[in-house]
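Please examine the aromatic side chains of the structure below.

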Amino acid sequence: MNKNYYAVLMAGGVGSRFWPVSTSSYPKQFHDMLGTGQTLIQKTFERLNQFVPTENILILTNEMYNAIVLEQLPMVTQDQVVLEPAMRNTSPCILYASLKIQKMNPNAVMIVAPSDHWIEDENAFAHDVKTCFDKCEKEAVLCTLGIRPTFPNTGFGYIEFEKESDQKLKKVIQFREKPDYETAREFLKQGNFLWNAGIFMWSVETIVGAFKKYQPSQYKLFQEGYSCYNTPDEPEFIQENYERAENISIDYAILERSQSIFTLPASFDWNDLGTWGALYDKLDKDSAENATVNCRTVLVNAKNNMIRTATNKVVVVDGLEDYIIVDKEDVLLIYPKSKQQDIKKVRGEISDTFGEHYA
(Lines give C-alpha, C1' and ligand atoms only; values in the text may rest on other atoms or scores of the structure.)
Protein backbone atom coordinates (compact mmCIF):
# COMPACT_ATOMS: atom_id res chain seq x y z
CA MET A 1 0.00 0.00 0.00
CA ASN A 2 1.38 3.41 -0.98
CA LYS A 3 2.36 5.40 2.12
CA ASN A 4 1.88 8.67 0.19
CA TYR A 5 -1.83 7.95 -0.34
CA TYR A 6 -4.20 9.77 2.02
CA ALA A 7 -7.97 10.07 2.25
CA VAL A 8 -10.31 12.60 3.78
CA LEU A 9 -13.73 11.15 4.46
CA MET A 10 -16.45 13.80 4.72
CA ALA A 11 -18.91 12.79 7.43
CA GLY A 12 -20.45 15.99 8.80
CA GLY A 13 -23.74 16.22 6.88
CA VAL A 14 -27.20 15.77 8.36
CA GLY A 15 -28.90 13.97 5.42
CA SER A 16 -32.20 15.72 6.10
CA ARG A 17 -34.04 14.16 3.13
CA PHE A 18 -33.68 10.77 4.88
CA TRP A 19 -35.72 11.91 7.86
CA PRO A 20 -37.00 10.34 10.10
CA VAL A 21 -34.15 7.77 10.07
CA SER A 22 -31.52 10.47 9.57
CA THR A 23 -31.62 13.11 12.30
CA SER A 24 -29.31 15.91 13.35
CA SER A 25 -28.12 13.82 16.30
CA TYR A 26 -27.64 10.61 14.27
CA PRO A 27 -27.40 11.32 10.52
CA LYS A 28 -27.64 8.87 7.63
CA GLN A 29 -23.91 8.12 7.25
CA PHE A 30 -24.08 6.29 10.59
CA HIS A 31 -27.04 4.09 9.57
CA ASP A 32 -27.19 0.82 7.64
CA MET A 33 -29.40 2.33 4.95
CA LEU A 34 -29.09 -0.61 2.54
CA GLY A 35 -29.60 -3.42 5.04
CA THR A 36 -26.10 -4.83 4.34
CA GLY A 37 -24.94 -5.13 7.94
CA GLN A 38 -22.62 -2.10 7.56
CA THR A 39 -23.34 1.59 7.94
CA LEU A 40 -22.56 3.92 5.04
CA ILE A 41 -19.47 5.33 6.74
CA GLN A 42 -18.19 1.82 7.44
CA LYS A 43 -18.68 0.85 3.78
CA THR A 44 -16.90 4.01 2.60
CA PHE A 45 -13.97 3.52 4.98
CA GLU A 46 -13.56 -0.08 3.83
CA ARG A 47 -13.64 1.03 0.18
CA LEU A 48 -10.88 3.61 0.71
CA ASN A 49 -8.90 1.28 2.94
CA GLN A 50 -8.31 -1.05 -0.03
CA PHE A 51 -5.61 1.32 -1.30
CA VAL A 52 -5.09 3.92 1.46
CA PRO A 53 -3.34 2.82 4.69
CA THR A 54 -5.65 2.81 7.72
CA GLU A 55 -3.58 5.43 9.56
CA ASN A 56 -3.74 7.76 6.51
CA ILE A 57 -7.54 8.09 6.49
CA LEU A 58 -8.92 11.17 8.23
CA ILE A 59 -12.60 11.52 9.14
CA LEU A 60 -13.93 15.07 8.85
CA THR A 61 -17.01 15.50 10.99
CA ASN A 62 -18.81 17.76 13.43
CA GLU A 63 -17.62 17.45 17.02
CA MET A 64 -21.08 16.19 18.08
CA TYR A 65 -20.44 12.98 16.05
CA ASN A 66 -17.02 12.20 17.50
CA ALA A 67 -18.19 9.35 19.74
CA ILE A 68 -20.25 7.76 16.94
CA VAL A 69 -17.28 7.80 14.56
CA LEU A 70 -14.98 6.15 17.10
CA GLU A 71 -17.63 3.54 17.90
CA GLN A 72 -18.30 2.63 14.27
CA LEU A 73 -14.65 2.82 13.13
CA PRO A 74 -12.71 1.28 16.04
CA MET A 75 -9.59 0.97 13.87
CA VAL A 76 -9.03 4.75 13.80
CA THR A 77 -7.47 6.85 16.53
CA GLN A 78 -8.80 10.09 17.96
CA ASP A 79 -6.07 11.94 16.04
CA GLN A 80 -7.63 10.76 12.77
CA VAL A 81 -11.01 12.31 13.59
CA VAL A 82 -10.85 15.94 12.48
CA LEU A 83 -13.55 17.82 14.36
CA GLU A 84 -15.34 20.93 13.13
CA PRO A 85 -16.57 23.06 16.03
CA ALA A 86 -18.91 24.95 13.67
CA MET A 87 -20.67 24.35 10.33
CA ARG A 88 -18.65 26.19 7.69
CA ASN A 89 -19.30 24.23 4.48
CA THR A 90 -16.63 22.18 2.68
CA SER A 91 -13.87 24.69 1.91
CA PRO A 92 -12.56 25.42 5.44
CA CYS A 93 -12.56 21.79 6.58
CA ILE A 94 -10.78 20.61 3.41
CA LEU A 95 -8.08 23.27 3.84
CA TYR A 96 -7.70 22.37 7.52
CA ALA A 97 -7.35 18.64 6.75
CA SER A 98 -4.97 19.34 3.84
CA LEU A 99 -2.62 21.35 6.06
CA LYS A 100 -2.64 18.57 8.66
CA ILE A 101 -1.72 16.04 5.96
CA GLN A 102 0.92 18.33 4.46
CA LYS A 103 2.59 18.55 7.86
CA MET A 104 2.56 14.73 8.15
CA ASN A 105 3.76 14.11 4.60
CA PRO A 106 4.54 16.94 2.12
CA ASN A 107 4.58 14.36 -0.72
CA ALA A 108 1.04 13.18 -0.06
CA VAL A 109 -1.68 12.83 -2.67
CA MET A 110 -5.19 12.71 -1.27
CA ILE A 111 -8.78 11.92 -2.09
CA VAL A 112 -11.70 13.82 -0.59
CA ALA A 113 -14.85 11.68 -0.64
CA PRO A 114 -18.34 11.82 0.90
CA SER A 115 -19.06 9.15 3.49
CA ASP A 116 -22.58 8.30 2.32
CA HIS A 117 -22.36 7.30 -1.36
CA TRP A 118 -23.16 3.90 -2.87
CA ILE A 119 -20.53 2.39 -5.18
CA GLU A 120 -20.95 -1.22 -6.28
CA ASP A 121 -17.72 -1.97 -8.18
CA GLU A 122 -15.10 -1.05 -5.61
CA ASN A 123 -12.21 -2.37 -7.72
CA ALA A 124 -13.17 -0.03 -10.56
CA PHE A 125 -13.41 2.82 -8.06
CA ALA A 126 -9.90 2.09 -6.75
CA HIS A 127 -8.53 1.93 -10.31
CA ASP A 128 -10.09 5.29 -11.23
CA VAL A 129 -8.76 6.98 -8.09
CA LYS A 130 -5.24 5.65 -8.68
CA THR A 131 -5.38 6.92 -12.29
CA CYS A 132 -6.09 10.39 -10.90
CA PHE A 133 -3.44 10.02 -8.20
CA ASP A 134 -0.83 9.23 -10.88
CA LYS A 135 -1.63 12.48 -12.68
CA CYS A 136 -1.67 14.48 -9.43
CA GLU A 137 1.78 13.13 -8.47
CA LYS A 138 3.25 14.26 -11.81
CA GLU A 139 1.41 17.54 -12.44
CA ALA A 140 0.04 20.46 -10.42
CA VAL A 141 -3.60 19.66 -11.22
CA LEU A 142 -6.88 19.15 -9.37
CA CYS A 143 -8.87 16.07 -10.38
CA THR A 144 -12.47 15.01 -9.92
CA LEU A 145 -14.44 11.88 -10.75
CA GLY A 146 -17.45 12.63 -12.94
CA ILE A 147 -20.42 10.31 -13.34
CA ARG A 148 -21.81 9.62 -16.82
CA PRO A 149 -25.41 10.90 -16.66
CA THR A 150 -28.14 8.35 -17.34
CA PHE A 151 -31.04 10.81 -17.37
CA PRO A 152 -31.51 14.61 -17.17
CA ASN A 153 -31.20 14.89 -13.39
CA THR A 154 -31.92 18.37 -12.00
CA GLY A 155 -30.65 17.50 -8.51
CA PHE A 156 -26.92 17.37 -9.39
CA GLY A 157 -24.36 19.91 -10.51
CA TYR A 158 -22.64 19.10 -13.81
CA ILE A 159 -19.04 19.14 -15.07
CA GLU A 160 -18.50 20.37 -18.63
CA PHE A 161 -15.31 19.03 -20.22
CA GLU A 162 -13.45 19.53 -23.51
CA LYS A 163 -15.26 17.44 -26.07
CA GLU A 164 -12.41 16.91 -28.52
CA SER A 165 -10.03 15.42 -25.95
CA ASP A 166 -9.07 11.79 -26.54
CA GLN A 167 -7.24 11.55 -23.20
CA LYS A 168 -8.63 9.50 -20.30
CA LEU A 169 -8.70 12.54 -18.06
CA LYS A 170 -10.62 15.40 -19.64
CA LYS A 171 -9.81 19.08 -19.16
CA VAL A 172 -12.69 20.75 -17.33
CA ILE A 173 -14.20 23.79 -19.05
CA GLN A 174 -16.49 24.74 -16.19
CA PHE A 175 -18.69 23.52 -13.36
CA ARG A 176 -22.41 24.10 -13.93
CA GLU A 177 -25.03 24.64 -11.24
CA LYS A 178 -28.02 22.33 -10.84
CA PRO A 179 -29.96 22.93 -14.08
CA ASP A 180 -33.67 22.97 -14.89
CA TYR A 181 -35.02 19.98 -16.81
CA GLU A 182 -34.62 21.43 -20.30
CA THR A 183 -31.04 22.51 -19.62
CA ALA A 184 -30.23 19.06 -18.22
CA ARG A 185 -31.64 17.47 -21.39
CA GLU A 186 -29.43 19.73 -23.47
CA PHE A 187 -26.38 18.74 -21.39
CA LEU A 188 -27.03 15.06 -22.13
CA LYS A 189 -27.53 15.79 -25.83
CA GLN A 190 -24.17 17.57 -26.06
CA GLY A 191 -22.37 14.53 -24.62
CA ASN A 192 -19.57 16.33 -22.76
CA PHE A 193 -21.24 16.73 -19.38
CA LEU A 194 -20.87 14.59 -16.26
CA TRP A 195 -22.60 14.61 -12.90
CA ASN A 196 -20.46 16.17 -10.18
CA ALA A 197 -20.10 13.45 -7.52
CA GLY A 198 -18.03 15.57 -5.12
CA ILE A 199 -15.07 13.16 -5.21
CA PHE A 200 -11.77 15.05 -5.56
CA MET A 201 -8.08 14.15 -5.80
CA TRP A 202 -4.95 16.31 -5.66
CA SER A 203 -1.53 16.55 -4.08
CA VAL A 204 -1.43 18.46 -0.81
CA GLU A 205 1.10 20.83 -2.35
CA THR A 206 -1.28 21.70 -5.20
CA ILE A 207 -4.44 22.16 -3.11
CA VAL A 208 -2.69 24.24 -0.44
CA GLY A 209 -1.17 26.36 -3.24
CA ALA A 210 -4.64 26.82 -4.75
CA PHE A 211 -6.00 28.08 -1.43
CA LYS A 212 -3.06 30.46 -1.10
CA LYS A 213 -3.84 31.85 -4.57
CA TYR A 214 -7.65 31.90 -4.62
CA GLN A 215 -8.57 32.14 -0.92
CA PRO A 216 -5.71 34.12 0.66
CA SER A 217 -7.60 35.19 3.80
CA GLN A 218 -8.80 31.66 4.52
CA TYR A 219 -5.32 30.31 3.84
CA LYS A 220 -3.80 32.88 6.21
CA LEU A 221 -6.31 31.99 8.95
CA PHE A 222 -5.53 28.27 8.91
CA GLN A 223 -1.82 28.63 8.12
CA GLU A 224 -1.39 30.54 11.39
CA GLY A 225 -2.10 27.31 13.23
CA TYR A 226 0.36 25.19 11.23
CA SER A 227 2.79 24.76 14.13
CA CYS A 228 -0.11 23.46 16.29
CA TYR A 229 -1.40 20.85 13.86
CA ASN A 230 -0.99 17.22 14.93
CA THR A 231 0.03 18.35 18.42
CA PRO A 232 -1.91 18.72 21.71
CA ASP A 233 -2.24 22.48 20.96
CA GLU A 234 -4.35 21.92 17.84
CA PRO A 235 -7.84 21.70 19.46
CA GLU A 236 -7.42 25.03 21.25
CA PHE A 237 -6.35 26.82 18.06
CA ILE A 238 -9.28 25.36 16.10
CA GLN A 239 -11.82 26.18 18.82
CA GLU A 240 -10.65 29.79 18.86
CA ASN A 241 -10.37 30.30 15.09
CA TYR A 242 -12.60 27.94 13.12
CA GLU A 243 -15.73 30.07 13.42
CA ARG A 244 -13.85 32.94 11.75
CA ALA A 245 -13.61 30.96 8.49
CA GLU A 246 -15.86 31.99 5.60
CA ASN A 247 -18.84 29.69 5.03
CA ILE A 248 -18.08 28.61 1.46
CA SER A 249 -17.98 25.37 -0.54
CA ILE A 250 -14.86 23.97 -2.18
CA ASP A 251 -16.62 24.37 -5.55
CA TYR A 252 -17.00 28.14 -5.18
CA ALA A 253 -13.75 28.69 -3.30
CA ILE A 254 -11.36 26.77 -5.55
CA LEU A 255 -12.81 24.60 -8.32
CA GLU A 256 -14.68 27.33 -10.19
CA ARG A 257 -11.58 29.53 -10.16
CA SER A 258 -8.81 27.10 -11.03
CA GLN A 259 -7.67 26.65 -14.63
CA SER A 260 -5.99 23.30 -13.94
CA ILE A 261 -8.86 20.92 -13.33
CA PHE A 262 -9.32 17.51 -14.96
CA THR A 263 -12.18 15.04 -14.72
CA LEU A 264 -12.18 11.29 -15.21
CA PRO A 265 -15.50 9.77 -16.36
CA ALA A 266 -16.03 7.09 -13.72
CA SER A 267 -16.03 3.44 -14.75
CA PHE A 268 -18.28 2.37 -11.85
CA ASP A 269 -21.98 2.66 -11.02
CA TRP A 270 -22.68 5.36 -8.45
CA ASN A 271 -25.56 6.69 -6.42
CA ASP A 272 -25.36 9.58 -3.99
CA LEU A 273 -28.17 8.12 -1.85
CA GLY A 274 -29.52 11.61 -1.40
CA THR A 275 -33.21 10.71 -1.06
CA TRP A 276 -35.45 7.79 -0.18
CA GLY A 277 -36.14 7.43 -3.91
CA ALA A 278 -32.41 7.08 -4.63
CA LEU A 279 -32.20 4.36 -1.97
CA TYR A 280 -35.28 2.65 -3.45
CA ASP A 281 -33.52 2.47 -6.83
CA LYS A 282 -30.66 0.42 -5.33
CA LEU A 283 -32.66 -2.05 -3.26
CA ASP A 284 -33.97 -5.46 -4.35
CA LYS A 285 -37.69 -5.41 -5.10
CA ASP A 286 -40.57 -7.88 -5.15
CA SER A 287 -42.72 -8.66 -8.20
CA ALA A 288 -44.77 -5.48 -7.57
CA GLU A 289 -41.61 -3.34 -7.32
CA ASN A 290 -41.86 -2.83 -3.56
CA ALA A 291 -38.52 -2.42 -1.75
CA THR A 292 -38.29 -3.31 1.94
CA VAL A 293 -35.62 -2.94 4.63
CA ASN A 294 -35.68 -4.47 8.14
CA CYS A 295 -39.29 -5.64 7.93
CA ARG A 296 -41.62 -8.52 7.07
CA THR A 297 -44.55 -7.50 4.92
CA VAL A 298 -48.05 -8.43 3.81
CA LEU A 299 -48.73 -6.33 0.73
CA VAL A 300 -52.07 -6.17 -1.11
CA ASN A 301 -52.58 -3.99 -4.19
CA ALA A 302 -49.34 -2.24 -3.21
CA LYS A 303 -46.82 -1.19 -5.87
CA ASN A 304 -43.55 0.71 -6.12
CA ASN A 305 -43.35 1.44 -2.40
CA MET A 306 -40.26 1.97 -0.21
CA ILE A 307 -40.87 0.43 3.24
CA ARG A 308 -38.40 0.55 6.14
CA THR A 309 -38.71 -0.17 9.85
CA ALA A 310 -36.17 -0.03 12.67
CA THR A 311 -36.69 -3.66 13.68
CA ASN A 312 -38.01 -6.87 12.14
CA LYS A 313 -41.56 -5.51 12.26
CA VAL A 314 -44.56 -6.96 10.42
CA VAL A 315 -46.02 -4.32 8.08
CA VAL A 316 -49.39 -4.64 6.33
CA VAL A 317 -50.08 -2.33 3.39
CA ASP A 318 -53.18 -2.35 1.19
CA GLY A 319 -53.87 -0.03 -1.73
CA LEU A 320 -50.80 2.20 -1.67
CA GLU A 321 -48.65 2.96 -4.71
CA ASP A 322 -45.44 5.02 -5.00
CA TYR A 323 -45.16 5.78 -1.28
CA ILE A 324 -42.33 6.05 1.23
CA ILE A 325 -43.23 4.33 4.51
CA VAL A 326 -40.66 4.68 7.29
CA ASP A 327 -41.25 3.66 10.90
CA LYS A 328 -38.72 4.80 13.50
CA GLU A 329 -39.45 4.64 17.22
CA ASP A 330 -41.66 7.68 17.86
CA VAL A 331 -42.04 8.88 14.24
CA LEU A 332 -43.97 7.31 11.37
CA LEU A 333 -43.63 8.76 7.86
CA ILE A 334 -46.10 7.89 5.07
CA TYR A 335 -45.27 10.15 2.15
CA PRO A 336 -45.63 10.21 -1.66
CA LYS A 337 -42.39 9.39 -3.49
CA SER A 338 -43.22 12.18 -5.96
CA LYS A 339 -42.81 14.73 -3.13
CA GLN A 340 -39.63 13.26 -1.57
CA GLN A 341 -37.67 16.50 -2.05
CA ASP A 342 -40.08 18.15 0.41
CA ILE A 343 -39.11 15.84 3.29
CA LYS A 344 -36.32 18.24 4.23
CA LYS A 345 -38.95 21.00 4.65
CA VAL A 346 -41.27 18.69 6.61
CA ARG A 347 -38.42 17.84 8.98
CA GLY A 348 -38.00 21.56 9.71
CA GLU A 349 -41.72 21.92 10.42
CA ILE A 350 -41.64 18.92 12.77
CA SER A 351 -38.71 20.45 14.63
CA ASP A 352 -40.53 23.77 15.01
CA THR A 353 -43.77 22.11 16.14
CA PHE A 354 -42.65 19.17 18.28
CA GLY A 355 -39.01 19.95 19.08
CA GLU A 356 -35.56 19.02 17.81
CA HIS A 357 -35.78 15.55 19.41
CA TYR A 358 -38.07 14.43 16.59
CA ALA A 359 -35.95 15.95 13.81
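Q: Is F237 buried or exposed, and what is its relative accessible area?
A: Buried means under 20% relative accessible area, exposed over 50% and partly exposed in between, with a 1.4 Å probe and protein chains only. The model is predicted: local features need pLDDT of at least 70, side-chain atom pairs count only at pLDDT 80 or more, and totals for chains, interfaces and linings use all residues. Residues are numbered from 1 along each chain as its sequence is written, and side-chain values use heavy atoms, with hydrogens and water left out. F237 is therefore buried, its relative accessible area being 12%.

Q: How many aromatic pairs are there?
A: Rings of Phe, Tyr and Trp (its six-membered ring) pair if their centres lie within 6.5 Å; planes under 30 degrees apart count as stacked, over 60 as edge-to-face and the rest as tilted. Under this rule, the number of aromatic pairs is 19.

Q: Why does the pair of F125 and F268 count as edge-to-face?
A: The ring centres of F125 and F268 are 5.5 Å apart. Their planes stand at 75 degrees, so the class is edge-to-face.

Q: Which residue has its charged end over the ring of F125?
A: A charge sits over a ring if NZ of Lys or CZ of Arg is within 6 Å of the ring centre and within 35 degrees of the ring normal. F125 itself is buried, at 2% relative accessible area. The charged end over its ring, 5.9 Å from the centre, belongs to R47.
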